[in-house]
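Here are some notes for a colleague opening this entry for the first time. Please read them with the structure on screen.

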Amino acid sequence: MEFGQFNVNALMEITQRPEIVFVRGQGSWLEDHAGKRYLDFIQGWAVNTLGHCPPEIIAALDKQARTLINPSPAFYNQPMVELAERLTSASCFDRVFFANSGAEANEGAIKLARKWGQVNKNGAFKIITFDHSFHGRTLTTMSASGKPGWSTIFAPQVEGFPKADLNDIASVEALVDDQTVAIMLEPVQGEGGVIPATQEFMQGLRQLADKHKLLLIVDEVQTGMGRTGSLFAYQQFGITPDIMTLAKGIGGGAPLAALLARQDVCVFKHGDQGGTYNGNPLMTAVGIAVFDAVTAPGFLEGVNARGKQLSDGLLQLSEKYGMKGERGMGLLRALKLGTDHGPAIVEAARDQNPEGLLLNAPRPNLLRFMPALNVSAEDMDSMLKQLDVLVERICK
Ligand code: PMP
């Protein structure tokens, strides 16, 4: 298959992606092989916290590339140390371990919990996770995930991940036994359909964890670094977890992830976890630039203002077309269509001319919105107006 000057036949999934090759991006906009522009409302999925090619990240990459790219991972390096200090000073955690992807950070969290179970709980190893959760695509994180169909696709699964129902504390309690070491969840299920945990449920999990000596692990790969309107989503639930994972947003588009834990949970010995690029200075320097932008005065207020604009706009559309409302936190939101027109809207939005609009439908009856955290009020308004036209055309 050829698009413009590009032949994509050397890639493994040659027939499964849209016939688009992106060549450049700027802020909330992308441009493809044919010069067509797209307003990008799935940046949180593709992780561009500050939009495409933001000056802060370009400057950090340029400076770091001229200073130090990758010493042996057996040593500390300056950006790694500085980013770890920032993350621990802004959270309830004492220690950071860097990784390259969300799946790898979660794999580390699971290993840390299992080792903690060996040291502190007679080898307890089970981690309660949730139906429709998503924790990654390594074999262990697929086993931890509650995505329908995943329990058999690469069978046998890694054992020890019983699944409970989100927001149903009795379903979690029923699974706790002597071999249980932790509970792991996304504060807002992202791939599962933008479903926030309730305050009551999160606090109930913390109490349950304390009662049974379990670790509470939050997977903030999708919700962390400002996406939900606070630096970390757990901060809005009035609880302190024991372990947290970050990816996506922390790198603003660069492959950076982190595993954070309280000091008393940190039972890793040198060599238990790690890899060639863990804490790579090029990526951790980007992480510092993203952290400093997101924690700058006024930035999170902007996220909350745009989040409200999005939420209000989606509610208006929902009322106008008799849909089922919207849900989410900050700039991670979904419109409940009430029909299965999601994929048709995504396709029509993408393919419209002269400018496309990129949306996502994690379920056929749901549209997900994850713009850059610094999206402008004008681009938000433009997206809502385009959506109105698309819904009018497709859902009637
Ligand atoms: N956890 C959550 C909550 C996610 O949304 C994702 C990615 N969609 C992952 C983990 C996996 O992250 P990665 O793709 O970087 O491995």
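Predicted model: local features only at pLDDT ≥ 70, side-chain atom pairs only at ≥ 80, totals over all residues.

1. Look at the ligand next. The ligand is surrounded by 14 residues. S101, G102, A103, G136 and V221 are the closest of them.

2. Where does the largest share of the shell around the ligand come from? Helix α4, residues 102-120, supplies it, with three residues. By class, seven shell residues are polar, four are nonpolar and three are charged.

3. Now turn to K248. UniProt, in an unreviewed entry, lists K248 under "modified residue: N6-(pyridoxal phosphate)lysine". K248 sits in the loop that runs between β13 (243-246) and β14 (257-261).

4. Is K248 buried or exposed? K248 counts as buried because 27 other C-beta atoms lie within 10 Å, and the cut-off for buried is 20 or more. Setting aside neighbours within four places in sequence, K248 contacts G44, V47, G102, V221 and Q222.

5. The unreviewed UniProt entry gives R137 the annotation "binding site". R137 lies in the loop between β7 (126-130) and α5 (139-144).

6. R137 has 14 other C-beta atoms within 10 Å, so R137 is partly exposed. That class falls between 12 or fewer for exposed and 20 or more for buried. Leaving out neighbours within four places in sequence, R137 is in contact with A103 and M142.

Conventions:
Residues numbered from 1 in each chain as written. Near = placed C-beta within 6 Å. Helix = DSSP H or I, 4+ residues; strand = E, 2+ residues; numbered from the N terminus. Nonpolar A, V, L, I, M, F, W, Y, C, P; charged D, E, K, R; others polar. UniProt positions renumbered as here; feature names shortened; annotations may be inferred. Contact = placed C-beta atoms within 7 Å.
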